[in-house]
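Subject: The structure I promised you

Hi,

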Amino acid sequence: RRTRVGDFGLGGVAVSLAGYGDWDSVASMGSGFYMGNELSNAPTTGWLIGRWEANALGFWGRLTVSQFTNASASSQRSWFRTLVNGVWSAWREDYT
């Protein structure tokens, strides 16, 4: 099967994690863009939009999330963490 526009949030809207309730669930999904509000295992509360870069499903990857609000861009924050051999690291703020 070929990847289509919109698969995994690529070329379309980010995939909602509302049905999963947890940012950790991206570990079993393909690389892509995801979003959610008040999900567990998040670095903060509220709406977040994230990018999951999978190397091996369930074992290796990097998750980057950013606040997704109507606040000014200068006040929005971003965090990242890695999945190494199936174990998540702590969230670290990205100060770029």
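Let's start with a term: a salt bridge is a side-chain nitrogen of Lys or Arg within 4 Å of a carboxyl oxygen of Asp or Glu. Before using it, two words on where everything comes from. This is a predicted model, so local features need pLDDT of at least 70 and side-chain atom pairs count only at pLDDT 80 or more, while totals for chains, interfaces and linings use all residues. Residues are numbered from 1 along each chain as its sequence is written, and side-chain values use heavy atoms, with hydrogens and water left out.

**The salt bridges**

How many salt bridges does a search of the whole structure find? The search comes up with three. Arg81 and Asp24 make one of them, their side chains meeting at 2.3 Å, N to O. This pair links distant parts of the chain: Arg81 belongs to strand β5, and Asp24 to the loop between β1 (15-16) and β2 (32-37), 57 residues apart. Strands here are DSSP runs (E, at least two residues), helices are DSSP runs too (H or I, at least four), and both are numbered from the N terminus.

Is Arg81 buried or exposed? Buried means under 20% relative accessible area, exposed over 50%, and partly exposed in between (1.4 Å probe, protein chains only). Arg81 has 5% relative accessibility, so it counts as buried. Asp24 has a relative accessible area of 23%, so this residue is partly exposed.

Arg77 and Glu93 also meet through their side chains in a salt bridge, at 2.8 Å, N to O. Here too the pair links distant parts of the chain, with Arg77 in the loop between β4 and β5 and Glu93 in strand β7, 16 residues apart. Arg77 is partly exposed at 38% relative accessible area, and Glu93 is partly exposed at 22%.

Glu53 forms a salt bridge with Arg51, and their closest N and O atoms are 3.1 Å apart. Both ends are partly exposed: Glu53 has 35% relative accessibility, and Arg51 has 36%. If you wonder about the background, side chains of opposite charge can pair when their charged atoms come close.

**The strands**

Now zoom out to the chain.

Why is β5 largely enclosed by the rest of the structure? Because five of its seven residues are buried. Two strands pair if DSSP finds at least two bridges between them, and β5 has several such links:

- With strand β4 (residues 60-67), β5 pairs in the antiparallel sense over seven bridges; Trp79 in β5 is the bridge partner of Val65.
- With strand β7 (residues 92-94), β5 runs antiparallel and is joined by three bridges; Glu93 in β7 is the bridge partner of Trp79.
- With strand β6 (residues 87-88), β5 pairs in the antiparallel sense over two bridges; Val87 in β6 is the bridge partner of Val84.

The hairpin of β5 and β6 has two residues between the strands, and Asn85 there takes a positive phi near 50°.

**Inside and outside**

Buried residues make up 31% of the 96 residues in the chain. A nonpolar core is a set of buried Ala, Val, Leu, Ile, Met, Phe, Trp, Tyr and Cys residues joined through side-chain atoms within 4.5 Å. The largest such core has 14 residues, and those with the most contacts inside it include Trp23, Trp52 and Trp88. The elements giving two or more residues to this core are β3 (47-56), β4 and β5.

**Two loop residues**

Finally, look at the loop between β2 and β3, where you will find Glu38 and Asn41. Glu38 is not a glycine, yet it has a positive phi of about 55°. Asn41, also a residue other than glycine, has a positive phi near 60°. Glu38 counts as exposed at 51% relative accessibility, whereas Asn41 is partly exposed, with a relative accessible area of 36%.

Happy exploring!
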